[in-house]
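Me: I have a structure open and would like to go through it with you. Can we start with the pockets?

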Amino acid sequence: MSAAARVAGLTTSPIRAIASGAPADAISLALGEPGWDFPSVARESLAAWTETAQHCTYGPNTGIPELTTALVGYTGLDAEQIMVTAGSQAGMFAIFQAHVEPGSQVLIPDPAFPAYETLAVLAGATVIRYPVGAAHELDANFLIDALNSASRPSLVVIGHPANPTGGAASAHMLNRVAGHCDQLGVPLLSDEVYRELWLDQPQPSVREVSNTALVLESVSKGWAAPGLRVGWVTGPATLLAPARLIHNAMNTAPARPSQVAAAALISHSAEVLTESRAQVRARWDVLANSPLAQHSARNAQAGFYHWLELPPWADADPSAFILRVRDEGKVLVVPGSAFGPAGQHYVRVSLGGSLHTLYDGLARLAPWWERQC
Ligand SMILES: Cc1ncc(COP(=O)(O)O)c(C=O)c1O
């Protein structure tokens, strides 16, 4: 495949595209990043490091020892089962490049975080989308059916709690999916970047039921530090080894100051995650008390995305409706179609930003769901 063909289908992330051409005074409920404070343990560790560092060296490809030690403590794994990456996005890229064969198929959910399809296409593969359950949860039956019908599957991707729906996965379903992937010899990649932001009850990791699955995580959501660009992939050393070489070729290692701050965050996970969960619950409370709640109650099990069904009067032309909401209503949400065909009649509303932005943004959004404008 030529270089031009490989990138031909790539565009700006559809999550960011909605902002291009938006009115200057529009409120964004589009981007998925925490709007609460960068935790003080990270700020203090960065300040201390800046005070004392005489050199700012590359550091090992495997990550600075403080970070790998913190991750060994957090995951309970050995260092060789952990790959430190420049955000989970770079981890995802490295895994796709290492394991997806050109001409093969990658199984992804419908709806799904758009990067899964992008990375499959970049690796020369096509995607097969499998449906999720009625509450947007992982349903092993659907996934296994799709996997059995694939002629050349090279990777199975699950995302839970899911972006964009907040749909969850039970340990039972994870176990069935992991077992089936093992039987077929197809690697399973589980994107769990929102797992720590649970709402009613802790969400299981596929690590609890499988020692062959690959798991993606990062400090971006739960630890409120997306700008650090630090993530990690866990899994069998044999599957990580080729991905490490790809990550080294592209990034060498994440930025050293970022790793210092990430190490402090992970070492203080208990208090940092408790605060983040409280912040996320406060945002869902804003939604519950907004007029929009009459039209759609919370369906997410974790994270800060509200998967909102469009009103009936938007059905004829969802894109035109979402652009009117943006240009006349002055509020940005992401069209559900950005996440796959199953999102055609939805929008993703990010509750992640600041509380006052959310409050104002939902007030602007509600009238469009209350009556035909
Ligand atoms: C489901 C999911 N996975 C991965 C990522 C990438 O996050 P990061 O590279 O900041 O870890 C995101 C970012 O929004 C996401 O929503």
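Reply: Domain 1 (3-38 + 270-370) and domain 2 (51-268) both give residues to the lining of the largest pocket, so the pocket lies between them. The domain bounds come from an automatic or database domain assignment. This is a predicted model, in which local features need pLDDT of at least 70 and side-chain atom pairs count only at pLDDT 80 or more, while totals for chains, interfaces and linings use all residues. Residues are numbered from 1 along each chain as its sequence is written, and side-chain values use heavy atoms, with hydrogens and water left out.

Me: How much space lies in the largest pocket?

Reply: About 910 Å³. A volume here is the space filled by probe spheres set on grid points, which are joined across faces, edges and corners. On a 1 Å grid over the protein atoms alone, a pocket is an open set of points with protein on both sides within 12 Å along at least five of seven lines, a cavity is a set where a 1.4 Å probe fits but cannot get out, and lining residues have an atom within 4 Å of a point.

Me: Which residues lie nearest the centre of the largest pocket?

Reply: Ser13, Ile15, Gln89, Phe113 and Ala115, out of 44 lining residues. Helix H2 (14-17), helix H5 (87-99) and helix H6 (115-122) are the elements that give two or more residues to this lining. H6 has the largest share, 5 residues. Helices (H or I, at least four residues) and strands (E, at least two) are DSSP runs, numbered from the N terminus.

Me: And what classes of residue are in that lining?

Reply: The lining of the largest pocket has 19 nonpolar, 17 polar and 8 charged residues. Ala, Val, Leu, Ile, Met, Phe, Trp, Tyr, Cys and Pro count as nonpolar, Asp, Glu, Lys and Arg as charged, and the others, Gly among them, as polar.

Me: Back to the domains. How far apart do their C-alpha centres lie?

Reply: The centres of domain 1 and domain 2 lie 24 Å apart. Their contact (heavy atoms within 4.5 Å) takes 36 residues from domain 1 and 33 residues from domain 2.

Me: Now the inside. Which residues have the most contacts in the largest nonpolar core?

Reply: Leu29, Val349, Leu362, Leu365 and Trp369, in a core of 42 residues. Helix H13 (355-370) is one of the elements that supply at least two residues of this core, and H13 gives the most, with 6 residues. The core draws at least three residues from each of domain 1 and domain 2. A nonpolar core is a set of buried Ala, Val, Leu, Ile, Met, Phe, Trp, Tyr and Cys residues joined through side-chain atoms within 4.5 Å.

Me: What does Leu362 touch?

Reply: Leaving aside residues up to four places away in sequence, Leu362 touches Leu29, Val286, Leu287, Ser290, Leu292 and Val349. There is also a second, separate core of 25 residues, which includes Ala94, Ile108, Leu122 and Leu189.

Me: Is Val157 buried or exposed?

Reply: Val157 is buried, with a relative accessible area of 1%. Buried means under 20% relative accessible area, exposed over 50%, and partly exposed in between (1.4 Å probe, protein chains only). Val157 lies in strand E5 (residues 153-159). Among the residues that Val157 touches, not counting those up to four places away in sequence, are Phe96, Ile108, Tyr130 and Leu189.

Me: And Gly9, buried or exposed?

Reply: Gly9 is exposed, at 60% relative accessible area. Gly9 sits in the loop between helix H1 (3-8) and H2. The C-alpha atoms of Gly9 and Val121 are separated by 8.0 Å, although the two are 112 residues apart along the chain.

Me: Last topic, cavities. How many of 30 Å³ or more does the structure hold?

Reply: There are 2. The largest cavity has a volume of about 130 Å³. Its lining of 18 residues has Pro109, Pro111, Val132, Gly159 and Ala162 nearest the centre.

Me: What lines the second largest cavity?

Reply: Tyr74, Glu192, Val193, Arg195, Glu196, Glu217, Ser218 and Trp223. By class, that lining divides into 3 nonpolar, 1 polar and 4 charged residues. Glu196 is buried, with a relative accessible area of 14%, and Glu196 touches Tyr74, Trp223, Leu273 and Arg277, not counting residues up to four places away in sequence.
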